[in-house]
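This report describes helix packing, a salt bridge and a surface patch. The sequence and the model are shown first.

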Amino acid sequence: MAKLKVNQLKKSYGSLEVLKGIDLEVQEGEVVCLIGPSGSGKSTLLRCMNLLEEVNGGEVMIDHTLLTDKKVNINKVRENIGMVFQHFNLFPHLSVLDNITLSPIELKKNTKAEAKEIALKLLDRVGLADKANARPAQLSGGQKQRVAIARALAMNPDIMLFDEPTSALDPEMVGEVLAVIQQLATEGMTMVIVTHEMGFAREVANQVIFMDGGLVVEKGTPAEVFTNPTHPRTQDFLDKVL
Amino acid sequence: MRKFRQPLMIALMTLLLSFIAPFAQAATTDEKTYQIATDITFAPFEFQETNGEYVGIDIDLLNAIAEDQGFKVEIKPLGFNAAVQALESKQVDGVIAGMSITDERKNKFDFSDPYFDSGVVMAVKEGNDEIKEYKDLKGKKVAVKTGTEGASFATSIKDKYGFKIVTFDDSANMYDDVKTGNSTAVFDDYPVLAYGANQGNGLELVTEKESGGSYGFAVSKGQNPELIQQFNEGLSNLKESGEYDKILDTYLSAPKSDEDKGVIGLIKSSYPSLLKGLGMTLMLTVVSLIIASILGIVFGLCRVAKNKALNMLGSIYVDIFRGTPLIVQAFFFYFGVPAALDFRISAITAGLLTLSLNAGAYMAEIVRGGIESVDKGQMEAARSLGLPYKKAMAKVVLPQAITLMIPSFINQFIITLKDTSILSIIGINELTQSGKIIIARNLESFNMWLIVGLMYFIIIMILTKVSQRLERRIQNGKA
């Protein structure tokens with residue numbers, strides 16, 4: 001049984017149809033990279049996976065829970081899905097430590113002391129143990145994104161969603177963030193990553209999905225998609241970015 | 001933060017209760033106390049002494065009659081129009097305010113026997129020997145106040161004597177026009193002019209008074225008939241004993257006041273009343289802004305809610321209170337609602353209600369603007385962590401929105417502080433009202449308004465500076 005399953009997913013903004021019926025499956029421990037030209041719907045698809053976007057049709061299923069069912073408590077489901085944003089979205093009024101401990105404490109997942117201990121361990125893991133009391137404004141882009149990853153991990157999720165995690169970074173900081181994500185991959189975290197870093201996708205992904213015009217055009221192993229794309233649009237896209 | 005909240009709330013509630021309590025008690029005392037409204041700016045009939053006490057012919061007469069007849073009065077200086085409206089809406093039991101007995105007023109009120117025969121006199125600038133009688137006015141200009149008997153009298157004789165009429169809304173302006181020589185003479189009620197001349201307003205009376213209207217004490221039609229009866233009996237007793245003449249003489253033949261009329265002298269003599277007024281102004285501002293902040297957060301949240309009903313509720317509230325003038329709202333809550341629902345409300349309670357609801361509407365817009373200017377990603381990040389909407393709003397969005405709102409909030413503070421002056425219209429003794437009251441006594445409008453304006457200005461400048469400093473701190477990310 002797939003960890004995450006998307007079935008005939010449809011999403012439109014007014015008359016603009018962004019997702020036109022998406023099917024995909026993510027297995028436990030699998031790393032899936034979504035690639036494709038901008039406007040192809042990959043970020044929207046990712047945001048539908050934790051219902052940050054309202055879905056107009058189709059199903060999203062995680063384990064045995066149907067997220068698109070109105071009766072499901074989406075807040076409970078989201079506790080189990082970490083999300084990392086392109087623009088980090090750290091809470092600027094809170095210290096790095098408080099950014100990480102806010103939801104575990106508010107949602108009574110941990111006591112304050114536990115949450116702090118976990119947060120410090122996570123900061124150590126992303127190489128920022130010394131920044132616990134800093135404000136987000138005092139951090140570089142790469143450091144902010146690593147804090148954002150630690151914040152998502154603090155809820156101990158089963159699945160992590162990454163929405164172009166390195167697109168807003170200066171080139172010299174891309175590496176430090178990708179290294180953290182790669183580390184997660186080797187630890188067996190189930191991840192869906194929207195990315196423009198083709199080298200990274202090729203290296204860490206078990207499955208690469210190429211999207212264009214609101215549809216999945218091609219999916220397969222990195223070797224299949226990057227080396228022998230079967231679809232001309234995939235070929236065309238890869239020619240431009242590689 | 002949490003530490004401060006509770007004492008603040010308790011202080012707020014205590015403050016609120018202290019306004020409501022006396023009003024609640026007044027209704028339950030078994031000894032009959034009548035609430036009598038009066039004007040604030042009609043010397044010598046009613047005005048405030050330097051020590052803050054209300055005096056004047058009306059006040060002294062009413063107190064003497066009450067003593068004679070054995071009832072109690074609580075005098076409420078509201079201003080003439082407000083006093084009349086308060087009587088109409090039964091907020092008070094009676095009105096004594098140098099009010100002429102007219103047929104029109106008799107439709108709504110029951111009047112006592114006349115207690116003072118007024119009449120119009122003519123006054124000219126002190127030392128003007130050329131004008132002795134009406135015929136000397138040929139070709140000259142005469143100042144009158146809108147709607148007074150002086151105005152109707154001047155109109156009735158202007159063609160006969162060939163003078164022109166200049167109309168004013170304010171006594172002080174009218175007198176100034178004569179003193180500066182723009183107008184040659186002024187027509188006004190005898191007691192008012194006589195008192196003004198005695199106080200050294202620079203005018204002198206040149207004619208005997210024309211027989212004119214009579215002043216009466218009024219109650220609402222059909223209400224408190226015993227009060228009218230007691231007033232009439234008391235009045236005739238006072239006339240018999242000679243106390244009536246004594247009271248009149250106290251004011252009409254009063255020696256010139258020796259009050260220092262320079263700015264420094266005025267500040268010295270009036271600062272206790274002015275500071276009390278300022279205190280009231282600040283209290284009204286602070287209390288109503290605290291309530292307005294709560295209203296603003298509640299309705300501001302409604303405005304950004306996805307729920308259509310809540311959204312509509314927020315819009316309706318904001319539209320109503322932004323779409324009507326504050327003064328209309330004040331009249332509505334002080335006169336309108338209590339009259340319609342037949343209950344009494346103190347002016348301060350009505351004033352706080354008005355200011356809070358009015359400022360609340362603007363605060364709601366400030367809160368909405370603050371929330372909307374927080375990056376959408378903040379809410380998304382909070383929700384993605386599993387935080388429910390309310391928690392995400394309270395812990396992530398609102399704290400940031402509030403920081404962004406501080407400059408607008410201080411701006412609203414300044415606006416509300418100035419708006420409190422409008423509440424002088426329902427007789428609340430705040431800073432502007434204190435100024436009005438003092439001017440009614442000493443007729444020094446230029447210097448007094450200068451002093452009052454300066455007091456507002458200083459307070460507001462302090463707030464502006466604080467606001468600028470806060471804004472700078474926010475920009476530097478320190479707040």
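At what angle do helix α10 (residues 263-304) of chain B and helix α13 (residues 347-372) of chain B pack, and how far apart are their axes? The angle is about 45 degrees and the axes are 5 Å apart. The model is predicted, so local features need pLDDT of at least 70 and side-chain atom pairs pLDDT 80 or more, while totals for chains, interfaces and linings use all residues. Residues are numbered from 1 along each chain as its sequence is written, chains are lettered from A in the order written, and side-chain values use heavy atoms, without hydrogens and water.

| Helix pair | Angle | Axis separation |
|---|---|---|
| α10(B) and α13(B) | about 45 degrees | 5 Å |
| α5(A) and α6(A) | about 20 degrees | 8 Å |

α10(B) and α13(B) are therefore oblique to each other, whereas α5(A) and α6(A) are roughly parallel (angles under 35 degrees). Residues of α5(A), including Arg146(A) and Ile149(A), meet residues of α6(A), among them Val177(A) and Val180(A); contact means heavy atoms within 4.5 Å.

A salt bridge joins the side chains of Glu25(A) and Lys5(A) (4.0 Å, N to O). Glu25(A) lies in strand β2 and Lys5(A) in strand β1, so the pair ties together parts that are 20 residues apart in sequence. Over all chains there are 21 salt bridges, counted when a side-chain nitrogen of Lys or Arg is within 4 Å of a carboxyl oxygen of Asp or Glu.

On the surface, Leu454(B), Phe457(B), Ile458(B), Met461(B), Ile462(B) and Val466(B) form a nonpolar patch with about 550 Å² of accessible area together. Such patches take residues with over 30% relative accessible area and no salt bridge, nonpolar side chains being joined within 5 Å; areas come from the Shrake-Rupley method with a 1.4 Å probe. Leu454(B) belongs to helix α17 (residues 445-475) of chain B; helices are DSSP runs (H or I) of at least four residues and strands (E) of at least two.

Notes
Patch = residues over 30% accessible without salt bridge, like charges linked within 9 Å, V, L, I, M, F, W, Y side chains within 5 Å. Axes fitted to C-alpha atoms, helices over the stretch in contact; angles between N-to-C directions. Parallel < 35°, antiparallel > 145°, perpendicular 65-115°, else oblique.
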